[in-house]
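Have a look at the sequence and the structure below. A short tour of the model follows.

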Amino acid sequence: MTYSSSVAMSQRRSYARRNQNSVSFLDSAKSLGPVSNTIILIVLACLIGLLYLTQVTKTNSYGYTINSLEEQQSQLMDQKSNLEVTAARSQSLQRVADSSVAKNLVSTTPVGSISQ
C-alpha cells in the first residue's frame with residue numbers, strides 16, 4: 001500500500017465513519033471561474049464602449065444639423081434687415097412726394113447759362 005492510496009482510503013472513510021451520516025449534499029450551484037468572469041467583464045466593457053460611441057456619434061450629427069439651421073437663420077435675418085431698409089427707402093421717397101411741402105414747391109425753369 002502506497003502513501004497516496006492510504007490517503008485516498010482515509011478520505012473515503014472519513015465521511016463514512018461509524019455513527020455519522022454518509023449522505024452529503026453537493027453544492028449544486030455552479031459558479032463561474034476567473035477566466036469566465038474576465039471574459040464577461042471584457043464583453044460588458046466593449047458593450048458599454050459601443051453604447052457610448054453610438055451616443056456621441058448621434059450627438060455630433062445633431063450638432064451638424066443645428067449648425068446648418070443656425071447658418072440658415074442668420075442668412076434669413078440678414079435678408080430681413082435688407083428688406084426692411086429697402087422698404088424704408090421706398091416709403092420715404094413716396095412720403096416726400098406726397099407731403100404738403102413738396103406740393104407747394106414751385107418748379108423752376110432753366111434760365112440760361114453763364115458765359116464768360
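## Confidence

Helix 2 has the highest confidence in the protein chain, with a mean pLDDT of 94, while helix 1 (residues 3-14) has the lowest, at 62. Here pLDDT is the predictor's confidence in each residue, from 0 to 100. The chain averages 84, and 80% of the residues score at least 70. Where pLDDT is low, the predicted coordinates should not be read in detail.

This is a predicted model: local features need pLDDT of at least 70, side-chain atom pairs count only at pLDDT 80 or more, and totals for chains, interfaces and linings use all residues. Residues are numbered from 1 along each chain as its sequence is written, and side-chain values use heavy atoms, leaving out hydrogens and water.

## Fold

The protein chain has three helices and zero strands, in the order α-α-α from the N terminus. Helices (H or I, at least four residues) and strands (E, at least two) are DSSP runs, numbered from the N terminus.

## Surface

Of the 116 residues in the protein chain, 0% are buried. Buried means under 20% relative accessible area, exposed over 50%, and partly exposed in between (1.4 Å probe, protein chains only).

Which class does Ile40 fall into? Ile40, in helix 2 (residues 34-98), is partly exposed because its relative accessible area is 40%.
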